[in-house]
Amino acid sequence: MPELPEVETIKRVIGPQIQGLIIEKIIVKRPEVIANPAAEEFCRLLTGQTISHMTRRGKFLIIQLNSNDRIILHLRMTGCLLFTPADYPEEKHTHIIFSLNKGKELRFSDTRRFGRFWLLKEGEADIYSGIEKLGIEPLDRELTAGYLNAHLGKRKKTVKECLLDQSIIAGIGNIYSDEILFTAGIYPACPAKNLKMKEWERLAAAIPECISYFIEVNKITPEDYLETKGQDYRNTPFLQVYGRDGKPCPKCGEALRRIVIGGRSSVYCPVCQKD
């Protein structure tokens, strides 16, 4: 599933390319992908509108329109956005095509069809997407040891599960929670209520450090993004622990271990992240 660094990459690649373009027509092949309003109304309201810019909130993408209407998109597990020439070969599982002026298209494909679109009119409250329930961003200056301790310090859940709680911090998923906890030297299965203030301080420093780093290494040109069909996020060579069960710890050389926490795989170093 794309997490914050990957979604930020998509915003930085796609956003500048669609800015100022007009939506001339929308082809919807899978109406269930449009969560609000109904697909026919979605197409009617958007046809003829001009795209202002694209923003991000957590793992959500927001396409702002000149009318102040906005399209909210969540890629979920396998969703992908591509900006292409109109005659570019179409990807399998392409569910929505926005035909734009200047012979361009914005296409959404999704193998598992979990991704969703919401259209909100100017001033309309977002009671649909869940974006209003998100916590602060990982790069927000308000993310401090005090914030983490106040919101998580009494929880019995593991610190790994707490990092995945989007209502506390938006955008962190399974990959980067492992990386963050390794950087902070914290055992992922430790109950949040057991963490000391020095550990909250290390965690508060590790969160923006890791997220910023992976945003940087995920940088890609629009040409390379299209050539790789939006699937090459370039983070794999830089992952310290995620997906590296049994391999040596990059810090101490001990074999990394895998455990399951809350139904999610978690990899850690038994030496650098002692229980």
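In the predicted model, Gly-130 is partly exposed, with a relative accessible area of 28%. This glycine belongs to the loop that runs between strand E9 and helix H3 (145-152), and its C-alpha lies 23 Å from that of Arg-12, a residue from which Gly-130 is separated by 118 positions in sequence.

The chain as a whole contains 7 helices and 11 strands. Its radius of gyration is 20 Å, close to the 19 Å that the globule rule gives for 275 residues, so the chain is as compact as a globular protein of that length. Along the principal axes, the C-alpha trace spans about 55 × 40 × 30 Å. Buried residues account for 51% of the 275 residues, and of the contacts between residues at least 6 apart in sequence, 66% join residues at least 24 apart.

Helix H2 (residues 39-46) contributes the buried residues Ala-39, Phe-42, Cys-43, Leu-45 and Leu-46. These buried residues pack against strands E1 (23-28), E2 (34-36), E4 (60-65), E5 (70-74), E7 (94-100) and E9 (116-120). In the loop between E2 and H2 lies Pro-37, and the peptide bond that leads from Asn-36 to Pro-37 is cis, with omega near -10 degrees. Just after H2, Gly-48 adopts a positive phi of about 95 degrees.

Helix H7 (residues 222-227) includes Leu-226, a residue that is buried, with a relative accessible area of 17%. When neighbours within four places in sequence are set aside, Leu-226 is in contact with Leu-82, Phe-83, Thr-84, Pro-85 and Tyr-88. Between Leu-226 and Ile-175, by contrast, the C-alpha to C-alpha distance is 24 Å, with 51 residues of separation in sequence.

Ile-175 is itself among the residues that line the largest pocket, together with Met-1, Glu-3, Lys-59, Met-77, Leu-164, Gln-166, Ile-172, Gly-173, Asn-174, Tyr-242 and Arg-264. The space in this pocket amounts to about 200 Å³, and its lining divides into 6 nonpolar, 3 polar and 3 charged residues.

A search of the whole structure for disulfides finds 0. Cys-190 is in no disulfide, the nearest cysteine sulfur being that of Cys-162, at 10 Å; Cys-190 is buried, with a relative accessible area of 17%. For Cys-272, the closest cysteine sulfur belongs to Cys-269 and lies 3.7 Å away, which is too far for a bond, because a disulfide requires the two sulfur atoms to be within 2.5 Å. With a relative accessibility of 24%, Cys-272 counts as partly exposed.

Technical notes:
Residues are numbered from 1 along each chain as its sequence is written. This is a predicted model: local features need pLDDT of at least 70, side-chain atom pairs count only at pLDDT 80 or more; totals for chains, interfaces and linings use all residues. Side-chain values use heavy atoms; hydrogens and water are left out. On a 1 Å grid over the protein atoms alone, a cavity is a set of points where a 1.4 Å probe fits but cannot get out, and a pocket is an open set with protein on both sides within 12 Å along at least five of seven lines; lining residues have an atom within 4 Å of a point. Grid points are joined across faces, edges and corners, and a volume is the space filled by probe spheres set on the points. Ala, Val, Leu, Ile, Met, Phe, Trp, Tyr, Cys and Pro count as nonpolar, Asp, Glu, Lys and Arg as charged, and the others, Gly among them, as polar. Buried means under 20% relative accessible area, exposed over 50%, partly exposed in between (1.4 Å probe, protein chains only). Helices (H or I, at least four residues) and strands (E, at least two) are DSSP runs, numbered from the N terminus. The radius of gyration is taken over C-alpha atoms; the globule rule is 2.2 Å times the number of residues to the power 0.38. Contact means heavy atoms within 4.5 Å.
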